[in-house]
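Please examine the structure below with the following briefing at hand.

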Amino acid sequence: MSGETEIQNLKSRDPFAEADEDSGQTTQTQEYIHIRIQQRNGRKTLTTVQGIPSKFDHKKILKVIKKEFACNGTIISDTESKGMGEVIQLQGDHRIKIKDFLVDDAAGLAIDEKNIKIHGF
């Protein structure tokens, strides 16, 4: 073996860079609604919802979600989210409830389930 060895696993990986699992190609982030979870400290988590179409009022959605799920939340604006659009941020792990709310025809937004991606552990 020569003195120089290449280390392949030290490349930085952005967990928010969306890549198609099959081909590895990046996809359009605007057509999907991404639901993610972020670990804070200890058992505390944040749920973020990105990509809700702009035809919906984000403030009204947040108000309904906060009342329905009994949690606090905020809207991260375009300037703070570094080009990801408006992001709804909720305290706690509400990934499944958010998906059900977005898909629901009567009480939710009636968004097609195939346009929603859930990320996290």
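How many of the six residues of strand 2 are buried? Six of the six residues of strand 2 are buried, where buried means under 20% relative accessible area, exposed over 50% and partly exposed in between (1.4 Å probe, protein chains only). The model is predicted: local features need pLDDT of at least 70, side-chain atom pairs count only at pLDDT 80 or more, and totals for chains, interfaces and linings use all residues. Residues are numbered from 1 along each chain as its sequence is written, and side-chain values use heavy atoms, with hydrogens and water left out.

**Overall composition**

- The protein chain contains two helices and five strands; helices (H or I, at least four residues) and strands (E, at least two) are DSSP runs numbered from the N terminus.
- Along the sequence, these elements follow the pattern β-β-α-β-β-α-β.
- Of the 121 residues in the protein chain, 31% are buried.
- Among the contacts (heavy atoms within 4.5 Å) with a separation of 6 or more, 48% are between residues 24 or more positions apart.

- The five strands form an open sheet with the order 3-4-2-1-5 and mixed pairing; two strands pair if DSSP finds at least two bridges between them.
- Strand 3 (73–76) and strand 5 (116–118) are at the edges with a single partner strand each, so one side of each has no neighbour in the sheet.
- On average, neighbouring strands of this sheet are turned by 20 degrees against each other, direction ignored; axes are lines fitted to C-alpha atoms, for helices over the stretch in contact, and angles run from 0 to 180 degrees between N-to-C directions.

**Strand 2 and its partners**

- Strand 1 (residues 33–39) pairs with strand 2 (residues 45–50) in the antiparallel sense over six bridges, and Q50 in strand 2 is the bridge partner of H34.
- These two strands form a hairpin with five residues between them, and G42 in the turn has a positive phi of about 65 degrees.
- Strand 2 and strand 4 also run antiparallel, joined by five bridges; T48 has Q89 in strand 4 as its bridge partner.
- From strand 2, T45, T47 and V49 point one way, while L46, T48 and Q50 point the other way.

**Helix and ring contacts**

- Helix 1 (residues 58–69) lies across strand 3 and strand 4 (87–91), and runs at about 160 degrees to strand 3.
- K117 lies over the face of Y32, at 4.4 Å from the ring centre; a charge sits over a ring if NZ of Lys or CZ of Arg is within 6 Å of the ring centre and within 35 degrees of the ring normal.
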